Structure formats: C-alpha cells, structure tokens
Amino acid sequence: MYDREGIIKKLSLLIDKKRLNHSIGVSRCAAMLARHYGADAEKAELAGLVHDCAKCLPDEESIRLCRKYGYEPDSITKANKVLLHAPLGALLAEDCFQIQDREILNAIACHTTGKQGMTLLEKVICLADYIEDGRQYSGIEDIRAFAY
C-alpha cells in the first residue's frame, strides 16, 4: 500500500488545483477500470494519481529536468512540448515519489500518446485519463459506457 495522502500533498506542490482534482479523478477511474478488466487496481490507482505530475512545469524547467535525468525527447515531443509531461512524469514519479515499479512508470510514460503493444495497465491509465468524471466533451458519455 502506498501513502495516498502524502502523495497528494506532494503533488499539490507540483501541479495546480484543477490538475490535482483531475489526477484524483483519473486515479479513481483507473482503479475501477482495472478491477473491471482484471488489472492491478492498486497500481492503476497510483499511476493515475501521479500521471500528470510534470504537467504544470514551465517548458524551461521541463527541459532542465530532462537533461538532469538524461532523457532526450524525440523530434515529435520536442515539437509538441505538451507531450513531454508523460515521459518526464515517469522520471519524476521515480525520483520524487520513489515509485520503482516499471509497470507503473511505463503506464505514466505513455499515457498521452500510447504505444504499440501496450500492457493492460498502460491501456487503463490512457483510457482513465480520457474519460475520468471531470472530462466534459461531446460524446463522453458514450465513450464511458463503451469503456465498460
């Protein structure tokens, strides 16, 4: 079991209130999807909670941290800085939240773009990010229903 309240407290220093509420929503949704599909609900809940931990960082800080961690973004990520928060978030999750589980870190790293051959947990986090209760857009209710 992980320290949910401690992680939320630390997250509140990294991301704004709106993003924190979104992350808590993704965490809940991910746990429900995981139980529904037979994935590890605790891993899903934790990955969902920290998936956007790098989302609110200014571009220059994101680039500095990439250098610190030895991460070189590909050309698509460099051209679309919004994509950087996922792989950088996995690195921050490992460093700042001491998450060592590769399955969780990989799910965080690919939650925005997906990747070929995704694991069940990776799919759960990607989907939970897309359909959590705070998301409101045309067709969301159909997508939520289809997700289950």
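Reader: What makes the meeting of α2 and α3 a contact?

Author: Contact means heavy atoms within 4.5 Å. By that rule Ser23, Ile24, Val26, Ser27, Ala30, Ala31, Ala34 and Arg35 in α2 meet Ala41, Ala44, Glu45, Gly48 and Leu49 in α3. Those residues split into 8 nonpolar, 3 polar and 2 charged (Ala, Val, Leu, Ile, Met, Phe, Trp, Tyr, Cys and Pro count as nonpolar, Asp, Glu, Lys and Arg as charged, and the others, Gly among them, as polar). This is a predicted model, where local features need pLDDT of at least 70, side-chain atom pairs count only at pLDDT 80 or more, and totals for chains, interfaces and linings use all residues. Residues are numbered from 1 along each chain as its sequence is written, and side-chain values use heavy atoms, leaving out hydrogens and water.

Reader: Why are α2 and α3 called roughly antiparallel?

Author: Their axes come within 7 Å and cross at roughly 160 degrees. Angles over 145 degrees count as roughly antiparallel, so α2 and α3 get that name.

Reader: What about α1 and α2: what makes them roughly antiparallel?

Author: The axes of α1 (residues 4–14) and α2 (residues 17–37) come within 10 Å and cross at roughly 150 degrees. That angle makes α1 roughly antiparallel to α2. On the α1 side, the contact is made by Arg4, Ile8, Leu11 and Ser12, and on the α2 side by Leu20, Ile24 and Ser27. These residues divide into 4 nonpolar, 2 polar and 1 charged.

Methods: Axes are lines fitted to C-alpha atoms, for helices over the stretch in contact, and angles run from 0 to 180 degrees between N-to-C directions. Helices (H or I, at least four residues) and strands (E, at least two) are DSSP runs, numbered from the N terminus. Angles under 35 degrees count as roughly parallel, over 145 as roughly antiparallel, 65 to 115 as roughly perpendicular and the rest as oblique.
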